[in-house]
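Thanks for coming. I will go through a few places in one structure, and you can follow along on the screen.

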Amino acid sequence: MVTTDYIWFDGKMVPWADAKVSVMCHALHYGDSAFEGIRAYDCGDAGSAVFRLKEHSQRLVNSCKILRIKMPYTAEQIYDACIETLKVNKMKAAYLRPLAFVGFKEMGVYPGTNPVHTIIAVWPWGAYLGAEALEQGIRVRTSSFTRIHPNTLMSKAKAGGNYINSILAKCEAVDDGFDEAIMLDPAGVVSEATGENIFIVSNGRIKTPPLTNTLGGITRASLIELGRDLGYVVEELPFSRDEIYIADEAFFCGTAAELTPIREVDRRQIGAGHAGPVTKHLQSEFFKVVHGQNPKYKDWLATYTI
């Protein structure tokens, strides 16, 4: 991991190496934190742009509300702080990680009057699942771990503690020689991956699971709108794991993964075994959008210059 110079910490720019918390921090022991993953893209002569920063900032605040974390900043303040952190670190392109977490004062499950801290870190980060995966696709397995029940842990919050579920599934997949895992919900239908939403393509129609027990991905919502604008039928409907096996195409999406094709699931080749035509079309148009090359979606971009 390549570090940068400063981290925004409770409203101040702190040198990366000095951004520290106590080992008795409540979130470290109990997982009460909320975070976002956001990307900024270099748009050449037009400067730089953060993709859907307004929506990410609001989701962070919403996650804190769901988790009863008393977030000390508004979505607008987080938005401004993200831009400030990028500029201070002179980052034309970057991955951004805002994080709100319960700090140290008292121990015990009940957070009581423990303080809530907020940080924003930025750093360079390439394709999450590998640059070659964007073209060739990745190998995936269905996890033996079930996606959390929506009334067990709040599935609409992007909570740090929720990701234990994802960590277990990801480790299992990697240990078994796969790149990623698909998680089924408690009813046994497809939910999402360990950090991505999933789409399948059959007969030119695009389908993604509904938000019943799935984190409302901002990239997911963007691709639904983009796909429909491109003339595709995009449906939010439940589907089973074996429906993926016989799909023409499948892909993951998310801030980190962007739009990554799936070439194999549970040792079954998907379609032609590489990125299909619909996936390639969406991927190409998505990258035009995030690099500021499609003015129709300019409202999705928070622009800045270094």
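Where does Asn203 lie? Asn203 sits in the loop between strand S11 (197-202) and strand S12 (205-208). Keep in mind that this is a predicted model. The phi of Asn203 is near 55 degrees, a positive value in a residue other than glycine. For background, most residues other than glycine have a negative phi. Asn203 has a relative accessibility of 71%, so Asn203 counts as exposed.

Lys90 is another such residue. Its phi is also near 55 degrees, again a positive value in a residue other than glycine. Lys90 is placed in the loop between H3 and strand S6 (94-102), and the positive phi comes just after H3. With 63% relative accessibility, Lys90 counts as exposed.

That brings us to helix H3 itself. H3 has 14 residues. From its first C-alpha to its last it reaches 20 Å, close to the 20 Å expected at 1.5 Å a residue. Which residues of H3 are buried? They are Ala75, Ile78, Ala81, Cys82, Ile83, Thr85 and Leu86. An α-helix has 3.6 residues a turn, so residues three or four places apart point the same way.

H3 has a partner. Helix H2 (residues 53-67) packs with helix H3 (residues 75-88) at an angle of about 125 degrees, and their axes are 8 Å apart. Angles from 65 to 115 degrees count as roughly perpendicular, and H2 and H3 are therefore oblique to each other. Their crossing is right-handed. On the H2 side, the contact is made by Leu53, Lys54, Ser57, Gln58, Leu60 and Val61. On the H3 side, the residues are Ala75, Ile78, Tyr79, Cys82 and Ile83. Sorted by class, the contact of H2 with H3 has 8 nonpolar, 2 polar and 1 charged residues.

Now a second pair of helices. At what angle do H6 and H8 pack? Helix H6 (residues 218-229) and helix H8 (residues 277-290) pack at about 110 degrees, with 11 Å between their axes. H6 and H8 are therefore roughly perpendicular to each other. H6 passes H8 in a right-handed crossing. H6 contributes Thr219, Leu223, Leu226 and Gly227 to the contact, and H8 contributes Leu282, Glu285, Phe286 and Val289. By class, that contact has 5 nonpolar, 2 polar and 1 charged residues.

I will finish with two threonines. Is Thr255 buried or exposed? Thr255 has a relative accessible area of 17%, so Thr255 is buried. Thr255 is found in the loop between strand S14 (249-254) and strand S15 (258-265). Leaving aside neighbours within four places in sequence, Thr255 is in contact with Gly37, Ile38, Arg39, His56, Tyr95 and Thr219. One of these, Thr219, belongs to H6 and takes part in the contact with H8.

The other threonine is Thr303, in strand S17 (residues 301-304). Thr303 has 58% relative accessibility, so Thr303 counts as exposed. Apart from neighbours within four places in sequence, Thr303 is in contact with Ser48 and Ala49. Thr303 and Gly292 are 11 residues apart along the chain, and their C-alpha atoms are separated by 9.1 Å.

Methods. Residues numbered from 1 in each chain as written. Predicted model: local features only at pLDDT ≥ 70, side-chain atom pairs only at ≥ 80, totals over all residues. Heavy atoms only, no water. Axes fitted to C-alpha atoms, helices over the stretch in contact; angles between N-to-C directions. Helix = DSSP H or I, 4+ residues; strand = E, 2+ residues; numbered from the N terminus. Parallel < 35°, antiparallel > 145°, perpendicular 65-115°, else oblique. Left-handed = near helix turned anticlockwise from the far one by under 90°. Contact = heavy atoms within 4.5 Å. Nonpolar A, V, L, I, M, F, W, Y, C, P; charged D, E, K, R; others polar. Expected span 1.5 Å × (residues − 1). Buried < 20%, exposed > 50% of the residue type's maximum accessible area, 1.4 Å probe, protein only.
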